[in-house]
Amino acid sequence: MAVLGPNRYGKAETRVVRVTRHGDAHRIKDLTVGTALSGDMAEVHLSGDNSAVLPTDTQKNTVFAFANKHGVGAIEDFALLLARHFVDSQPAIHHARVEVEEHAWERNGAFGHSFVRSGREVRTCVAHYDGTRSWMVSGLRDLVVLNTTNSEFWGFAKDEFTTLPETRDRVLATAVDAAWRHGEPPQDRDPSQDWDKTYENARGALLEAFADTYSLSLQQTLYAMGTRVLAACPGVCEVRLSLPNKHHFLVDLTPFGLDNDGEVFFAADRPYGLIEGTVLREDAPGAGPAWE
């Protein structure tokens with residue numbers, strides 16, 4: 001006998017751009033929104049009865065309508081607004097997951113109506129709501145950083161297949177994917193602890209820790225970055241990091257009669273090392289569905 005296991009459905013990658021016009025000074029919020037709903041969905045799988053299904057097209061339309069009706073401030077607030085709406089308005093829906101990515105734009109000079117796409121990282125969040133409680137994970141993706149020195153890698157395990165030489169000075173580069181779980185349910189947060197401020201504090205902590213940690217391994221740097229976020233953001237209880245090692249290999253220029261004293265590198269694109277890890281407070285509350 002087969003039985004139906006966990007399931008959810010939704011609308012992926014709804015692109016919405018909200019322009020706020022205050023005289024000549026306009027503001028842009030450029031988002032990618034994903035919704036996923038679960039609940040009393042057995043019959044639609046077992047017999048094709050769609051009576052409990054809120055169409056994914058409706059979910060898409062709700063994103064557009066809410067962007068118009070409520071505006072878009074911090075993406076965490078927008079995600080929670082959508083998640084609560086879907087659960088509270090649909091009897092068959094018991095849990096909503098809303099993921100939002102924000103793509104940054106910067107003003108083009110002094111023109112209030114003109115923008116240029118920012119080269120910054122993508123800001124992210126995932127909100128869960130089950131009709132009673134909310135969970136929030138915020139984060140960022142593709143924060144590209146590089147140190148030209150203050151990084152070593154030596155003393156590692158070796159076997160018959162090891163060819164990598166030890167180094168006491170190397171370029172260390174990565175594209176940071178980081179996500180941090182807020183310890184307090186969103187409804188219990190101190191209003192003064194706003195999402196935007198926490199984001200900037202966490203981002204700043206990641207950058208500072210990467211820059212001022214003398215690195216003997218990317219794992220050591222990862223732990224320093226996670227620890228710094230916890231210190232800078234009291235409301236955060238857990239940080240998850242994924243750091244691809246963007247290898248920079250010193251180019252051998254001796255065949256051309258040239259010295260290369262740590263000045264010319266080949267930036268390898270793949271394969272690459274991938275370092276992942278979690279740093280959390282000793283008293284961190286249970287995560288529930290926050291990471292799902």
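The entries below go from strands to helices, then to salt bridges, backbone and surface.

**Ground rules.** I am working with a predicted model, in which local features need pLDDT of at least 70, side-chain atom pairs count only at pLDDT 80 or more, and totals for chains, interfaces and linings use all residues. Residues are numbered from 1 along each chain as its sequence is written, and side-chain values use heavy atoms, with hydrogens and water left out.

**Entry 1: strand 3.** I began with strand 3 (residues 93-103) and asked how many of its residues are buried. Nine of the 11 are, so strand 3 is largely enclosed by the rest of the structure. For the terms, I took buried as under 20% relative accessible area, exposed as over 50%, and partly exposed as in between, with a 1.4 Å probe and protein chains only. Strands (E, at least two residues) and helices (H or I, at least four) are DSSP runs, numbered from the N terminus.

Next I looked up the partners of strand 3. Two strands count as paired if DSSP finds at least two bridges between them. I noted that valine 33 stands opposite valine 100 in strand 3. Strand 6 also pairs with strand 3 in the antiparallel sense, over seven bridges. There, arginine 97 has histidine 128 of strand 6 as its bridge partner.

**Entry 2: helix 5.** I checked the length of helix 5 (218-232). Its 15 residues should span 21 Å at 1.5 Å a residue, and the end C-alpha atoms are 21 Å apart, which agrees. The expected span is 1.5 Å times one less than the number of residues.

Which residues of helix 5 are buried? I found Leu218, Thr221, Leu222, Ala224, Met225, Gly226, Val229 and Leu230. Their cover includes strand 8 (172-182), helix 4, strand 9 (236-245) and strand 12 (273-280).

**Entry 3: salt bridges.** I found 17 salt bridges in the whole structure. Each is a side-chain nitrogen of Lys or Arg within 4 Å of a carboxyl oxygen of Asp or Glu.

I looked up aspartate 30 and arginine 15, whose side chains meet at 2.6 Å, N to O. This pair links distant parts of the chain, with aspartate 30 in strand 2 (residues 25-39) and arginine 15 in strand 1 (residues 14-22), 15 residues apart. Is aspartate 30 buried or exposed? Aspartate 30 counts as buried, at 3% relative accessibility, while arginine 15 is partly exposed at 43%.

Then I turned to glutamate 200 and arginine 120, whose closest N and O atoms are 3.8 Å apart. Glutamate 200 is in helix 4 and arginine 120 in the loop between strand 5 (115-117) and strand 6 (122-129), so the pair ties together parts 80 residues apart in sequence. Glutamate 200 is partly exposed at 41%, and arginine 120 is partly exposed at 35%. Salt bridges that share partners join Arg120, Glu121, Glu200 and Arg203 into one network.

One more pair is arginine 270 with aspartate 269, at 2.9 Å, N to O. Both residues are exposed.

**Entry 4: backbone.** The peptide bond from arginine 270 to proline 271 is cis, with omega near -5°. Proline 271 lies in the loop between strand 11 (265-267) and strand 12.

I also looked up phi for glutamate 13, which is positive, near 55°. Glutamate 13 sits in the segment before strand 1 and is exposed at 64%. Asparagine 150 has a positive phi too, near 65°.

Entry 5: Asparagine 150 is in the loop between strand 7 and strand 8, and is partly exposed at 36%. Serine 151 is found in that loop as well, but counts as buried at 1%. Leaving aside neighbours within four places in sequence, serine 151 is in contact (heavy atoms within 4.5 Å) with Arg168, Asp169, Arg170, Leu172 and Ser215.

Last, I noted that leucine 216, in the loop between helix 4 (195-212) and helix 5, is partly exposed at 43%.
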